[in-house]
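Open the model in your viewer and keep the selection tool ready. We will go stop by stop.

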Amino acid sequence: MLRYVYADELHKYPKLAEGMFRDRADQFKTRLGWDVLVNDKGEERDQYDDLNPIYVIWEEPDGSHGGSMCVMPTTGPVMVNEVFGHLTGGKPINSPLIWEVTRFCLSRTASPHTAGAIMLSGGEMMEGFGLTHITGVFDARMIRIYRLIRSSPIVLGTEGKGREQISVGMWPYSADDCNRVAKRAGIPRELSRLWFKTAFGVGRQHQFALSA
């Protein structure tokens, strides 16, 4: 199932939290060789984890971490502006209606539909929070994954070639895209909506918008 968890509530899910940060270290440091910091617990964390983002986590039937991503509004500090702003012509992406997704991570034992489920969560958040777009930075390996999921972004800028290629992209909201991704992931939209509505009560649903 998909879980939507604010960072300050992640302690309620210790097994998922530990698995997510360790799988991030395994993916980004060990498998991809990125220049990221891994702490003495074997966890990969960055400065954006300290800003109370929403984590979208696919929980496997045994309660383990299957995959995840980190989500934040572009009205605050985000990677597309602070690190990769040159790929968008130096013009910051800054809107309460556009949120950034980062740290898209899949465990080594992830279920086949995990990537699609996580991408579906982006559509659910756009629909549920009234967003117009999701933006994010992605590397060359993700292009094939996006095509398989049938959720390819509009590319705003790219640097590097081959495996070293890095791009900034934008996904506009589309109900048809949500339904298509849900079908590809094998998850009924009714169930996906239920997971979203269960996670966000009225009091917390617009936390980012109110604090922006």
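Two strands pair if DSSP finds at least two bridges between them. Helices (H or I, at least four residues) and strands (E, at least two) are DSSP runs, numbered from the N terminus. Residues are numbered from 1 along each chain as its sequence is written, and side-chain values use heavy atoms, with hydrogens and water left out. This is a predicted model: local features need pLDDT of at least 70, side-chain atom pairs count only at pLDDT 80 or more, and totals for chains, interfaces and linings use all residues.

Stop 1: Select residues 154–159, strand β6, and residues 166–172, strand β7. They run antiparallel, joined by five bridges. Which residue of β7 is the bridge partner of isoleucine 154? Methionine 170 is. Now select the turn: six residues lie between the strands of this hairpin, and glycine 160 there has a positive phi of about 85°.

Stop 2: Show the seven strands. They form an open sheet in the order β1-β2-β3-β4-β5-β7-β6, with mixed pairing. Find the edges: β1 (2–6) and β6 each pair on one side only. From one strand to the next, the twist averages 25°. Select β3 (residues 65–73) next; six bridges join this strand to β4, and the two run antiparallel. Glycine 67 has leucine 106 in β4 as its bridge partner.

**Stop 3: two helices.** Select α3 (residues 114–129) and α4 (residues 140–149). They pack at an angle of about 80°, and their axes are 10 Å apart. Axes are lines fitted to C-alpha atoms, for helices over the stretch in contact, and angles run from 0 to 180 degrees between N-to-C directions. The two helices are therefore roughly perpendicular (65 to 115 degrees). Show the side chains: Ala115, Gly116 and Met119 in α3 meet Ile145, Tyr146 and Ile149 in α4. Contact means heavy atoms within 4.5 Å. The contact residues divide into five nonpolar, one polar and no charged. Ala, Val, Leu, Ile, Met, Phe, Trp, Tyr, Cys and Pro count as nonpolar, Asp, Glu, Lys and Arg as charged, and the others, Gly among them, as polar.

Methods
Angles under 35 degrees count as roughly parallel, over 145 as roughly antiparallel, 65 to 115 as roughly perpendicular and the rest as oblique.
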